[in-house]
Amino acid sequence: MKSFYQNWKLDYELPLVIHWGNNLTFYAHYHSEIEFIYVEEGSILVGVNEEKRLLTQGDMVICCSNDIHYFESKETFSKVIILIFKPEMISLSVNWPKDFSFVSPFIPGGHPAFTHIRQLLHDIMEEKANAKPGYQMFIKAGLLELCGTLQRSWPTQSLNHSSRSRLETKRARIQQILSYIEENYQEDLSVEMISAHFQMEPSYFCRTFKSAVGMNFKTYLNTIRVLTAERKLISSDASIMDIALECGFNSIRTFNRVYKELKGCVPSSSRYGAS
């Protein structure tokens with residue numbers, strides 16, 4: 001299922017998507033593509049690796065290759081521009097940046113060096129929508145200007161082999177934990193079980209997990225179970241009881257309660273709504 005790893009199916013000739021997002025909520029995930037978010041209206045909570053911020057109008061965030069990130073605007077209105085593209089469009093490397101990292105992925109609105117970014121994003125969106133002759137070149141030029149502006153005007157730190165290795169090891173540990181949960185969510189998982197499996201102290205595991213993923217372990221586990229159950233409710237004829245058990249819930253009562261907490265409706269409503 002790989003809820004946490006997003007495998008974008010992008011056009012071969014123009015591996016890029018750009019669109020509006022309203023009230024965006026997306027659980028912790030990562031991908032090799034670069035993702036740039038610009039807040040047009042409202043506010044949205046964004047987490048990148050172990051840092052999170054509430055962004056408001058004009059604020060921006062850059063999620064580089066394989067950064068673990070999530071978005072949440074459940075209780076507030078938000079309208080954002082989302083730009084996702086493959087690093088190969090701006091670099092010879094399959095990852096960007098390669099030899100440096102941004103000190104912070106969060107860029108506050110009003111920074112004088114970035115006043116043109118909003119218009120740049122709108123221009124890219126317009127070029128893609130109209131697809132006039134040469135539009136691919138104008139889009140690539142826009143991406144190069146965006147990333148070049150970030151690299152020149154936003155604080156960075158160089159990464160030698162040792163520091164990059166430490167960064168990748170730390171990020172890989174979280175990815176391994178997410179993968180383990182994904183593969184074993186049907187089981188009776190606990191903090192003690194997983195922390196022992198990864199040879200971590202339970203308290204350290206809890207702090208590290210919540211910092212990187214934006215929610216505690218139990219909530220994340222239930223989220224994976226509920227998202228899986230929702231897909232099964234829509235795509236299969238299995239009984240609600242069987243789906244609950246298949247997804248790791250030990251009773252229909254617990255399943256109904258957790259499902260309603262996370263989705264705002266009972267499981268039977270999701271199945272009815274899909275028919």
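Buried means under 20% relative accessible area, exposed means over 50%, and partly exposed is what lies in between. This is a predicted model, and Arg118 has a relative accessibility of 35%, so Arg118 counts as partly exposed. Its salt-bridge partner is Glu40, which counts as buried because its relative accessibility is 9%. Arg118 sits in helix α1 and Glu40 in strand β3 (residues 34-48), so this pair ties together parts that are 78 residues apart in sequence.

The count comes to 6 salt bridges, including these:

| Salt bridge | N to O distance |
|---|---|
| Arg118 with Glu40 | 2.7 Å |
| Lys263 with Glu230 | 3.2 Å |
| Glu246 with Lys232 | 3.6 Å |

Lys263 is partly exposed, at 34%. Lys232, also in helix α6, links up with Glu246 in helix α7 (residues 240-246), 14 residues apart. Both ends are partly exposed: Glu246 has a relative accessible area of 39%, and Lys232 has 26%.

Now back to helix α1 (residues 117-130), whose axis comes within 9 Å of that of helix α2 (residues 135-153), crossing at roughly 160 degrees. That's over 145 degrees, so α1 and α2 are roughly antiparallel to each other. Their crossing is left-handed. Which residues of α1 and α2 meet? On the α1 side they are Ile117, Leu120, Ile124, Glu127 and Lys128, and on the α2 side Tyr135, Phe138, Ile139, Gly142, Leu143, Glu145 and Leu146. The residues of this contact split into 8 nonpolar, 1 polar and 3 charged.

Definitions and conventions
Residues numbered from 1 in each chain as written. Predicted model: local features only at pLDDT ≥ 70, side-chain atom pairs only at ≥ 80, totals over all residues. Heavy atoms only, no water. Axes fitted to C-alpha atoms, helices over the stretch in contact; angles between N-to-C directions. Helix = DSSP H or I, 4+ residues; strand = E, 2+ residues; numbered from the N terminus. Parallel < 35°, antiparallel > 145°, perpendicular 65-115°, else oblique. Left-handed = near helix turned anticlockwise from the far one by under 90°. Contact = heavy atoms within 4.5 Å. Nonpolar A, V, L, I, M, F, W, Y, C, P; charged D, E, K, R; others polar. Salt bridge = Lys/Arg side-chain N within 4 Å of Asp/Glu carboxyl O. Buried < 20%, exposed > 50% of the residue type's maximum accessible area, 1.4 Å probe, protein only.
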